[in-house]
Amino acid sequence: RILVSSDNHLGVWEKDEIRKHDSFAAFDEVLQQALEMNVDLVLLGGDLFHENKPSRSTLVRTIDIIKKYCFCDKPVRFQIL
C-alpha cells in the first residue's frame, strides 16, 4: 500500500495566531492515517514546505511529526525484483 500526499505547505500560516497550527495538524493526520491503514510507503509528491527556506520552528515541528510516526519499532521490509 502506498499513501500519496502532496501540497502540504507546512508553515503556510505560521504568522497567523488562529491558523498557524493547521498545516501541521493536517500533516500529522496524514501520517496517522498511514499508520492506521498500515501503508508500506508514504510518498510526498511535492511542496512539503510553503517557503523554499522554511523557518527553524517549521523545520523543528516537521521533524517532530516525522519522528513520531517514522522512527518506531516497526521493521522496514522491501524486496528488490
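1. Start with the salt bridge between lysine 68 and aspartate 28. In this predicted model, the closest N and O atoms of the two residues are 3.2 Å apart. The pair links distant parts of the chain. Lysine 68 belongs to helix H2 (residues 56-70), and aspartate 28 belongs to helix H1 (residues 22-36). The two residues are 40 residues apart. Lysine 68 is exposed, because its relative accessibility is 53% and the exposed class begins over 50%.

2. Next, the other salt bridges. How many salt bridges does a search of the whole structure find? The search finds three. One of them joins arginine 19 to aspartate 22, with 3.2 Å between the closest N and O atoms. Arginine 19 is partly exposed, at 37% relative accessible area. Aspartate 22 is also partly exposed, at 33%. Another salt bridge brings together the side chains of lysine 20 and glutamate 17, at 3.3 Å from N to O. Here lysine 20 is partly exposed, with a relative accessible area of 23%. Glutamate 17 counts as exposed, at 61%. As a general point, side chains of opposite charge can pair when their charged atoms come close.

3. Now the overall layout. The protein has two helices and two strands. Along the sequence they follow the pattern β-α-β-α. E1, H1 and E2 together make a β-α-β unit, and the unit is right-handed. Strands E1 and E2 pair in the parallel sense, over four bridges.

4. Look closely at strand E1. Which side chains of E1 point to the buried face? They are Leu3 and Ser5. Valine 4 sits in strand E1. Valine 4 is classed as exposed because its relative accessible area is 58%, and the exposed class begins over 50%.

5. Ile2, Val4, Leu41 and Leu43 form a nonpolar patch on the surface. Together they have about 390 Å² of accessible area. Strand E1 (2-5) and strand E2 (41-44) are the elements that give two or more residues to this patch.

6. Compare threonine 62. Is threonine 62 buried or exposed? Threonine 62 is buried, because its relative accessible area is 2% and buried means under 20%. The residue lies in helix H2. Setting aside residues up to four places away in sequence, threonine 62 touches Leu10, Phe24, Phe27 and Phe49.

7. Last, the whole-protein numbers. Of the 81 residues in the protein, 22% are buried. The accessible surface comes to about 6400 Å², and 55% of this surface belongs to carbon and sulfur atoms. The C-alpha atoms fill a box of roughly 45 × 20 × 20 Å along the principal axes. Take the contacts between residues at least 6 apart in sequence: 75% of them join residues at least 24 apart.

Terms used
Residues are numbered from 1 along each chain as its sequence is written. This is a predicted model: local features need pLDDT of at least 70, side-chain atom pairs count only at pLDDT 80 or more; totals for chains, interfaces and linings use all residues. Side-chain values use heavy atoms; hydrogens and water are left out. A salt bridge is a side-chain nitrogen of Lys or Arg within 4 Å of a carboxyl oxygen of Asp or Glu. Buried means under 20% relative accessible area, exposed over 50%, partly exposed in between (1.4 Å probe, protein chains only). Patches are made of residues with over 30% relative accessible area and no salt bridge: like charges are joined within 9 Å, nonpolar side chains (Val, Leu, Ile, Met, Phe, Trp, Tyr) within 5 Å. Accessible areas come from the Shrake-Rupley method with a 1.4 Å probe; for residues, only the protein chains shown count as cover. Contact means heavy atoms within 4.5 Å. Two strands pair if DSSP finds at least two bridges between them. A crossover is right-handed if, with the strands pointing away from the viewer, the path from the first strand over the helix to the second runs clockwise.
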